[in-house]
Amino acid sequence: MLRKDNLKLGLVLGLLAPLLGMLGFYFYKFRRLSFAEFIQYLGIERHLLTAMISFSLLANAIIFTVYINAQKDKTARGIFIITIIYAITALLLKWLY
């Protein structure tokens, strides 16, 4: 996977890695709840949604670092673009809710 260097790959990785980070957040903090209960709880406790998004962005930071160190700049650029979109979303959710 590290052999490819293109923007589309970076965008896809940038979208998928935070989803894995969100699952990690669920298993780390809320493993006693079913996933459906967890989603409902996020709807009630909106501040946790921004915390979960912030935590999930660590996954993007990790893969961004890996691709930067491998000198795959186009892929890293795609990951960075999606990370910025997620971060802006987290900030907007925090300010608006």
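Ring pairs tie Phe-25, Tyr-26, Phe-27, Tyr-28, Phe-30, Phe-35, Phe-38, Tyr-41 and Phe-55 into one cluster. Here a pair means Phe, Tyr or Trp rings (for Trp, the six-membered one) with centres within 6.5 Å; planes under 30 degrees apart are stacked, over 60 edge-to-face, and the rest tilted. This is a predicted model, so local features need pLDDT of at least 70 and side-chain atom pairs count only at pLDDT 80 or more, while totals for chains, interfaces and linings use all residues. Residues are numbered from 1 along each chain as its sequence is written, and side-chain values use heavy atoms, with hydrogens and water left out.

As for the overall fold, the protein chain has four helices and zero strands, giving the pattern α-α-α-α along the sequence. Both element types are DSSP runs numbered from the N terminus: helices are H or I with at least four residues, strands E with at least two. Taken along the principal axes, the C-alpha atoms fill a box of roughly 40 × 30 × 20 Å. Of the 97 residues, 32% count as buried, where buried is under 20% relative accessible area, exposed over 50% and partly exposed in between (1.4 Å probe, protein chains only). Among contacts between residues at least 6 apart in sequence, 72% join residues at least 24 apart; a contact here is heavy atoms within 4.5 Å.

Phe-38, another member of the cluster, belongs to helix α2 and is buried, with 1% relative accessibility. Leaving out residues up to four places away in sequence, Phe-38 touches Phe-25, Tyr-26, Phe-30, Leu-33 and Met-52. Tyr-26 is twelve residues from Phe-38 in sequence, and their C-alpha atoms are 7.5 Å apart.

Phe-38 also takes part in the packing of α2 on α3. Two packed helices are described by the angle and the distance between their axes. For helix α2 (residues 35–44) and α3, the axes come within 5 Å and cross at roughly 115°. Axes are lines fitted to C-alpha atoms, for helices over the stretch in contact, with angles from 0 to 180 degrees between N-to-C directions. The two helices are therefore roughly perpendicular; that label covers 65 to 115 degrees, with under 35 roughly parallel, over 145 roughly antiparallel and the rest oblique. From α2 the contact draws on Phe-38, Tyr-41, Leu-42, Gly-43 and Ile-44, and from α3 on Arg-46, Leu-48, Leu-49 and Met-52.

Further along α3 (residues 46–69) comes Asn-60, which is buried, with a relative accessible area of 0%. What does the side chain of Asn-60 join through a polar contact? The partner is the side chain of Thr-83, at 2.9 Å. A polar contact is a pair of N or O atoms within 3.5 Å; within protein, one must be able to donate a hydrogen and the other to accept it, and residues adjacent in sequence count only if both atoms are side-chain atoms. Beyond its neighbours within four places in sequence, Asn-60 is in contact with residues including Leu-13, Gly-14, Ile-79 and Tyr-86.
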